[in-house]
Amino acid sequence: MDLNKIHTGHALEILKTFPDASINMCITSPPYWGLRDYKTEPVKWQDGWLGELGTEPYFNAYINHLCDIFDEVKRVLKDDGTCWVNIGDTYLNKKLSLLPFRFAIEMSNRGWTVRNVIIWQKPNAAPQSAKDRFTVDFEYLFFFSKNKKYYFERQLEPIKQSTYERCKSGCGINKGANYQGLNKTNFERLQKRMLSGEISGRNTRTVWSIATHAYHGAHFAVFPPALLEIPIKAGCPENGIVLDPFIGSGTTAVAANRLNRKWIGIELNPEYTKLAEIRISQNK
């Protein structure tokens with residue numbers, strides 16, 4: 001299994017060549033259903049579909065095709081491995097298809113444990129022309145684990161200065177019996193730990209406001225590097241292996257290199273493989 005390399009071909013077929021329990025984590029953004037055709041040569045899928053992922057005639061076929069691929073991802077993950085999947089929704093006949101949730105439910109049916117639904121909020125989201133609904137400015141990032149016990153490095157975000165100021169003021173009589181869900185005794189215990197520096201950050205929340213990232217290449221969809229850094233740090237130890245079965249423009253490899261992790265990528269389109277390899281080499 002070649003590390004720090006993009007394997008060109010269909011993810012389902014290439015994953016079958018990887019050994020069991022060899023990967024620490026997977027993070028990826030698969031092609032969305034019905035949005036575009038990457039114009040690659042047809043590949044035979046085990047249930048007879050001859051097109052590429054995302055061009056299936058029905059969304060149920062897309063979900064099954066996608067989850068068949070993640071069955072192989074599950075096999076190659078180590079027992080303490082995790083899987084992070086960014087996936088957006090699609091409108092069909094003016095109705096949301098609810099594909100992300102159909103996908104998550106099918107993943108759960110196939111034995112994955114759903115740990116978090118993370119909202120990727122885009123502060124620079126492109127305007128939309130629809131006049132009968134709101135502009136969608138977010139996508140989902142699902143956090144799955146192979147087993148109930150898994151590798152996870154807790155990630156902290158900075159505590160706001162206003163929180164420190166509230167701690168300094170104490171839990172006075174005017175605040176009543178409870179202070180943000182804590183009784184007076186528990187609040188004072190927390191106050192002491194925060195003001196002494198024992199607590200230096202708070203558990204990272206599940207709404208991440210991250211701007212989309214421009215890439216001057218031919219690939220349609222590009223991960224912003226910041227969206228990858230938290231999951232990679234949380235889900236893969238240093239020198240561990242990160243898998244992206246739909247590596248596209250190569251952002252996962254760039255982020256893994258930056259964070260001292262090894263990586264393996266899979267890309268169906270040979271032209272995108274070439275573009276990604278150039279980008280990766282320029283960002284070492």
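This text leads the reader through a predicted model of one protein chain, from its overall make-up to selected packing details.

Residues are numbered from 1 along each chain as its sequence is written. Because the model is predicted, local features need pLDDT of at least 70 and side-chain atom pairs count only at pLDDT 80 or more, while totals for chains, interfaces and linings use all residues, and side-chain values use heavy atoms, with hydrogens and water left out.

The protein chain contains eight helices and 14 strands. These elements are DSSP runs numbered from the N terminus: helices are H or I runs of at least four residues, and strands are E runs of at least two. Of the 284 residues in the chain, 44% are buried. Here buried means under 20% relative accessible area, exposed means over 50%, and partly exposed lies in between, with a 1.4 Å probe and protein chains only. Among the contacts in the chain with a separation of 6 or more, 71% are between residues 24 or more positions apart; a contact means heavy atoms within 4.5 Å.

The aromatic residues come next. Rings of Phe, Tyr and Trp (its six-membered ring) pair if their centres lie within 6.5 Å; planes under 30 degrees apart count as stacked, over 60 as edge-to-face and the rest as tilted. By this rule there are 14 aromatic pairs. One of them joins F101 and Y140 in an edge-to-face arrangement, 5.0 Å centre to centre with 70° between the planes. This pair links distant parts of the chain, since F101 belongs to helix α3 (residues 99-109) and Y140 to strand β7 (residues 138-145), 39 residues apart. F101 counts as partly exposed at 35% relative accessibility, whereas Y140 is buried, at 14%. Both residues belong to one aromatic cluster, formed by F70, F101, F103, W112, F138, Y140, F142 and F144.

P100 also lies in helix α3. This proline is buried, with a relative accessible area of 0%. P100 and Y140 are 40 residues apart in sequence, and their C-alpha atoms are 7.3 Å apart in space. Leaving aside neighbours within four places in sequence, P100 is in contact with I87, G88, D89, Y140 and F142.

Two further rings have a charged side chain over the face. A charge sits over a ring if NZ of Lys or CZ of Arg is within 6 Å of the ring centre and within 35 degrees of the ring normal. K122 lies over the face of W120, at 4.7 Å from the ring centre, and R133 lies over the face of Y91, at 4.0 Å from the ring centre.

The text now turns to helix packing. Two packed helices are described by the angle between their axes and the distance between the axes. Axes are lines fitted to C-alpha atoms, for helices over the stretch in contact, and angles run from 0 to 180 degrees between N-to-C directions. The axes of helix α4 (residues 161-169) and helix α5 (residues 184-195) come within 9 Å and cross at roughly 120°. α4 and α5 are therefore oblique to each other; angles under 35 degrees count as roughly parallel, over 145 as roughly antiparallel, 65 to 115 as roughly perpendicular and the rest as oblique. Their crossing is left-handed, a term used if the near helix is turned anticlockwise from the far one by less than a right angle, with right-handed used if clockwise. T163, Y164, R166, C167 and K168 of α4 make the contact with F187, Q191, M194 and L195 of α5.

Helix α7 (residues 251-258) is largely enclosed by the rest of the structure, because six of its eight residues are buried. These are T251, T252, A253, V254, A255 and A256. The buried residues of α7 pack against β2 (23-28), α6 (225-235), β13 (241-244), β14 (262-267) and α8 (270-282). With α6, the helix packs at an angle of about 55°, the axes being 9 Å apart, and the two are therefore oblique to each other. The crossing of α6 and α7 is right-handed. In this packing, P225, L228, E229 and I232 of α6 meet T251, T252, A255, A256 and R258 of α7.

Finally, some backbone angles deserve attention. Most residues other than glycine have a negative phi. A21, in the loop between α1 (11-15) and β2, has a positive phi near 50° and is partly exposed, at 37%. N93, in the loop between β4 (91-92) and β5 (95-96), has a positive phi of about 55° and is exposed, at 67%. N260, which follows α7, has a positive phi near 65°.
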